Amino acid sequence: MPAPRVMLAAVGVALLLAAGVAGLERRLLTRARRSEDGNRMPLAPKLVMAQTRGEYAGPVTITVLIPAHNEEGCISETLASLRSQSLPPARIVVVADNCTDATVRLAREAGVDVFETVRNTHKKAGGLNQALHEVLPGLGDNDCVMVMDADTTLDAGFLEGAARRLTDDRALMAVGGLFYGEDGLGLIGQFQRNEYTRYQRDLRRRRGRVFVLTGTASVFRPRALRTVAEERGKILPGSPGDVYDTVALTEDNELTIALKTLGALMVSPRECTVVTEVMPSWSALWAQRLRWQRGALENLGAYGMRPQTFRYWMQQLGIGYGVIALGAYLVLIIVMVLATSTWVWFPFWVGIGMVFIVERIVTVWRGGWRARLLGLSLFPELFYAMFLNVVYLKGIVDLSLDRTATWKHIVQPGSGARVEG
């Protein structure tokens with residue numbers, strides 16, 4: 001057991017670091033809200049409020065874009081969730097990207113518009129750019145755009161909640177969704193649902209301040225998307241005129257950083273919830289999380305150390321520290337087992353394990369009894385945490401060795417499940 005003085009010092013350093021990061025983030029957010037620098041932060045709330053004072057752009061409407069590549073297994077359910085919204089969308093457009101299945105036919109039979117991409121080689125981002133080039137010019141300031149994944153279903157009040165937020169605050173540039181994992185798929189499914197539940201808890205504690213405008217479902221004002229396209233190649237990386245950076249592996253994360261760089265006000269409110277798919281196998285989960293992690297690191301590399309990316313850099317450093325700490329914890333347990341002929345209960349390490357278990361249970365409490373039961377089990381949760389840590393290390397290694405990152409896009413017959421990596 002470490003000396004009490006050492007433990008107190010460690011706790012003190014951790015608290016000071018957490019408080020410092022939170023305080024600096026709040027200061028940067030306040031500065032962005034009050035900024036009048038139209039060259040560096042054209043979407044800053046103070047500027048937007050001044051420019052729109054006394055103007056009425058009509059009621060908030062929402063046009064929905066659904067990027068889809070061979071989504072016949074889930075597109076009908078997604079469209080049905082849009083039809084059942086308490087506030088119906090003004091228009092639904094399925095952005096069919098190089099589809100070879102029945103996606104286009106099913107969308108047209110459902111009575112929605114279909115935009116088929118032309119010679120697109122830039123995956124989801126490229127398809128959305130083509131669709132937005134057609135859609136954005138005809139939209140007024142309050143005719144908002146929602147981009148949602150084809151494997152996502154919205155809870156009934158999503159659009160109404162987003163429209164209310166955008167109506168109440170004309171400086172608000174985007175509304176992100178909170179996502180839950182779909183039911184089923186046994187233990188691997190529950191691991192992912194627990195992870196998503198913890199993410200929602202973090203956002204609630206941040207009062208909806210956005211980490212990422214998730215690709216599962218997010219709503220944008222046209223002003224925000226047009227400004228991003230105008231600033232590509234200047235303040236922002238990417239090709240001029242494109243809303244999405246086609247080089248980015250995680251286009252939703254990159255767009256979030258782009259909007260923050262421009263001073264945009266964004267929120268992920270608790271009333272805007274969606275249900276998204278969970279990966280059906282460990283190999284599929286590995287591919288998905290490796291893409292997320294590699295994409296996040298590449299986005300930070302593209303933007304560098306800016307005030308708007310400070311927290312993201314701190315998150316990556318925190319993950320790195322967690323990898324070291326968890327690895328050391330497990331190694332010490334193994335060493336103890338191998339070095340002693342009989343099991344010895346060390347109160348300090350038992351206490352550390354109990355703290356971990358309590359944290360795991362409390363943070364998934366809203367997920368129901370299955371989530372709590374899994375949180376109670378120490379080693380399965382440790383295994384999943386270690387799995388994510390290995391993904392993190394693989395992303396670091398691949399990026400360091402300049403290995404080419406690729407998408408893997410596999411449709412599993414009959415399941416509607418899609419694997420992306």
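Which elements each supply at least two residues of the lining of the second largest pocket? The legends below take up this question and then turn to other parts of the structure, which is a predicted model.

**View 1. The second largest pocket and the elements that line it.** In this predicted model, the lining of the second largest pocket takes at least two residues from each of α1 (4-34), α9, β9 (265-267) and α11 (310-339). The space in this pocket comes to about 810 Å³, and of the 34 residues that line the pocket, Leu28, Leu29, Ala32, Lys260 and Ala264 are the closest to its centre. Helix α1 provides the largest share of the lining, with 6 residues. Sorted by class, the lining of the second largest pocket holds 15 nonpolar, 6 polar and 13 charged residues.

**View 2. The largest cavity and its lining.** Rolling a probe the size of a water molecule over the atoms shows where empty space is left. When the whole structure is searched, 1 cavity of 30 Å³ or more is found, and about 60 Å³ of space lies in the largest cavity. Two or more residues of its lining come from each of α5 (123-135), β8 (217-220) and α9 (251-261), and α9 gives the most, with 3 residues. The residues that line this cavity are Lys124, Leu128, Val147, Leu213, Thr214, Gly215, Ser218, Phe220, Tyr244, Glu251, Asp252 and Leu255. By class, the lining of the largest cavity has 6 nonpolar, 3 polar and 3 charged residues.

**View 3. The packing of helix α7 with helix α10.** Two packed helices are described by the angle between their axes and the distance between the axes. For α7 (residues 186-205) and α10 (residues 282-303), the angle is about 30° and the axes are 11 Å apart. Angles under 35 degrees count as roughly parallel, and α7 and α10 are therefore roughly parallel to each other. Their crossing is left-handed. On the α7 side the contact involves Ile188, Phe191, Gln192, Glu195 and Tyr196, which meet Trp282, Leu285, Gln288, Arg289 and Trp292 of α10. The residues of this contact of α7 with α10 divide into 6 nonpolar, 2 polar and 2 charged.

**View 4. Helix α7 where it meets helix α13.** The axes of α7 and α13 come within 10 Å and cross at roughly 95°, and that makes α7 roughly perpendicular to α13. The residues that make the contact are Leu187, Gln190, Phe191 and Asn194 of α7, together with Arg370, Ala371, Leu374 and Gly375 of α13. By class, the contact of α7 with α13 has 4 nonpolar, 3 polar and 1 charged. Phe191 of α7 takes part in this contact with α13, and Phe191 also belongs to the residues of α7 that meet α10.

**View 5. Helix α12 beside helix α13.** The axes of α12 (residues 347-362) and α13 (residues 369-376) come within 8 Å and cross at roughly 165°. Angles over 145 degrees count as roughly antiparallel, and α12 and α13 are therefore roughly antiparallel to each other. The crossing in which α12 passes α13 is right-handed. Ile357, Arg360 and Ile361 of α12 make the contact with Arg372, Gly375 and Leu376 of α13, and the residues of this contact divide into 3 nonpolar, 1 polar and 2 charged. Gly375 of α13, which takes part here in the contact with α12, is also one of the residues of α13 in the contact with α7.

**View 6. Arg204 and its contacts.** Arg204 has its place in helix α7. Leaving aside neighbours within four places in sequence, Arg204 is in contact with Arg270 and Arg366. The C-alpha atoms of Arg204 and Trp369 are separated by 21 Å, and these two residues lie 165 residues apart along the chain.

Technical notes
Residues are numbered from 1 along each chain as its sequence is written. This is a predicted model: local features need pLDDT of at least 70, side-chain atom pairs count only at pLDDT 80 or more; totals for chains, interfaces and linings use all residues. Side-chain values use heavy atoms; hydrogens and water are left out. On a 1 Å grid over the protein atoms alone, a cavity is a set of points where a 1.4 Å probe fits but cannot get out, and a pocket is an open set with protein on both sides within 12 Å along at least five of seven lines; lining residues have an atom within 4 Å of a point. Grid points are joined across faces, edges and corners, and a volume is the space filled by probe spheres set on the points. Helices (H or I, at least four residues) and strands (E, at least two) are DSSP runs, numbered from the N terminus. Ala, Val, Leu, Ile, Met, Phe, Trp, Tyr, Cys and Pro count as nonpolar, Asp, Glu, Lys and Arg as charged, and the others, Gly among them, as polar. Axes are lines fitted to C-alpha atoms, for helices over the stretch in contact, and angles run from 0 to 180 degrees between N-to-C directions. Angles under 35 degrees count as roughly parallel, over 145 as roughly antiparallel, 65 to 115 as roughly perpendicular and the rest as oblique. A crossing is left-handed if the near helix is turned anticlockwise from the far one by less than a right angle, and right-handed if clockwise. Contact means heavy atoms within 4.5 Å.
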